[in-house]
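Thanks, everyone. I'll keep this brief. Here is the model.

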Amino acid sequence: MSSAPVIACHQLTKAYHDISRGETVVACKDITLRIDRGEFITVVGPSGCGKTSLLYILAGFETKTSGSIMIDGRPIQGPGPDRAVVFQEFALFPWLDLRRNVEFGPRERGVSRSDIDASVNQILRTVGLETAANRYPHELSAGMRQRAALARVLINDPKILLMDEPFAALDAQTRLALQRELSKLSAEMSLTVMFITHSVEEAVLLGDRVLVMSARPGQIMADISIPLPRPRDPTSLEFNEHRREIARLLEQASLSPVTAS
Amino acid sequence: MKPGRWPLGLLVPALLVLFWQIAGDLGWTPPGSIPTPVAVVESWYVWIFGPVTPLAWHSGTWTFYVLLSLRRVAAGFAIASVTGVTFGLLLGWYALVNDLFDGLINFLRAIPTTAWVPFTVFFFGIHESAAVFLIAFGAFFPIAMSVAAGARQTPRTLTRAALMLGTPPRRLLRRVVLPATLPSTFAGLRIGLGLSWVLVIVSEMLAVQGGLGYALWSAYQVNRLDLIVDAIVSVGVLGLMSDWLLVQLSRITLRWQRGLVGQ
């Protein structure tokens, strides 16, 4: 693993003006963070702790207020296919069938027709959706939609995968299957992943490191390495020790005063 | 309406027509005032199949008049659709366009299109273009407004998803906003089409020659209530059919949306 971090934040702060309440809200504050190539980072924190803001700044959807954030030593300039985003609400294009949703990225980047066909078929097989290629998003189950959303970004061959509570809307069974597949895929494709979740179990199951963020203004309270081998057994003693520790930190985070905004 | 429900849907109109006929036959209405359905059908037959003669405009001219009205609606509605959708997208998507035109559009929208009739006739004369202009102008606003409202509501996650997948910002309008706006576009087109039929009748009564609105007014001037009813029903049938066509078109275009409602 190379020593240069893929993502380096230094005292990153995001504040925005809430028009409806007429006040300035500090979403996240003084975030200093290094993420190495191929690392799987999970982020937990109370609602409104700015974890989504951090993710959206990385995605290029939002801009930072102060501090610095670099990807491969370069500042972020808008969204791009090198940083894949998977949204909680899937965000598939409802007017395109599954195949066309997956093709969307390569088409926009001007990849040739024959190359697109080959890679679409391959990626659909990877996520197990080859038989559903002609269906529209509303005809797919929630699990299939999230697989499709994953296929749609993986076909772009991204370096970084940003996921905003991607499995929150899925039933337990489907979530478990997708967690396993994501863990496998990200390792195979040596993706650098930032994965936001509400579930402590999910954070420990997937993360090489778990970031615990405090309530608004969101700061990094703890950065915990999970040195357990994969695939991880959520019933094991070590797993649950990590889980307990993070749950305890999270409880503290939720209790910490919100007054300073 | 489901196919199985048709008979029930036709029952009420059929009963109304029956009542109308009986009322006429029993002399409940003053003689010579309201024609019975049979009389209406008889004069309609003459209007459609009668010999064309310079002596009576209402003999054998129905098809020609229908085609005249249809052509005006088609031309006006086509212009309104293209300009309305284009302008609506720009209005809804670009804040600058919205800021520039919002006031003007709201002002123009507040003026009933019929108020433009004298101006239009003065400007275009008794000419096809007067009717086409009036229809295009009137139908433009509901289409543009509906499209703009739809474009404004384009889900943010969808535009973000497209940007993240490599769509350049200037192409978002075509790739995301346009398709996302299709449901409200069709809603606007339906309103615009209905208004087109209103305006073709108005302009034919006041501004141009020939067509169903012209027949309507001519019949009024010679006290032919039977022909008036014929013309009214004709417009109703044409309006219904054109709306049906538009709905079919929207079903094909929006098949990706089927099942979304109620989910």
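First, the terms: helices (H or I, at least four residues) and strands (E, at least two) are DSSP runs, numbered from the N terminus. This is a predicted model: local features need pLDDT of at least 70, side-chain atom pairs count only at pLDDT 80 or more, and totals for chains, interfaces and linings use all residues. Residues are numbered from 1 along each chain as its sequence is written, while chains are lettered from A and ligands numbered from 1 in the order in which they are written.

Chain A to start. Chain A has seven helices and ten strands. Along the principal axes, the C-alpha atoms of chain A fill a box of roughly 55 × 45 × 40 Å.

Burial next. A residue is buried if 20 or more other C-beta atoms lie within 10 Å of its own, exposed if 12 or fewer, and partly exposed in between; C-beta atoms are placed from the backbone. In chain A, 44% of the 261 residues are buried.

Now the sheet. Strands pair if DSSP finds at least two bridges between them. Six strands of chain A form an open sheet, in the order β6-β7-β8-β3-β9-β10, with mixed pairing. β6 and β10 (220-225) of chain A are the edges; each has a single partner strand, so one side of each is left without a neighbour in the sheet.

What covers β6(A), residues 83-86, on its two faces: buried or exposed residues? Buried: A:R83 and A:V85 on one side, A:A84 and A:V86 on the other. β6(A) runs parallel to β7(A), residues 160-164, over four bridges. There, A:R83 has A:I160 as its bridge partner.

Further along, β3(A), residues 40-44, and β9(A), residues 209-213, are also joined by four bridges and run parallel. A:V44 stands opposite A:V212 of β9(A).

Last, the interface. Contact means C-beta atoms, placed from the backbone, within 7 Å. Chain A gives 22 residues and chain B gives 16. On the chain B side, α7 (156-165) and α8 (172-206) each supply at least two residues. The largest share, seven residues, comes from α7(B).

Definitions and conventions
Two residues are in contact if their C-beta atoms, placed from the backbone, lie within 7 Å.
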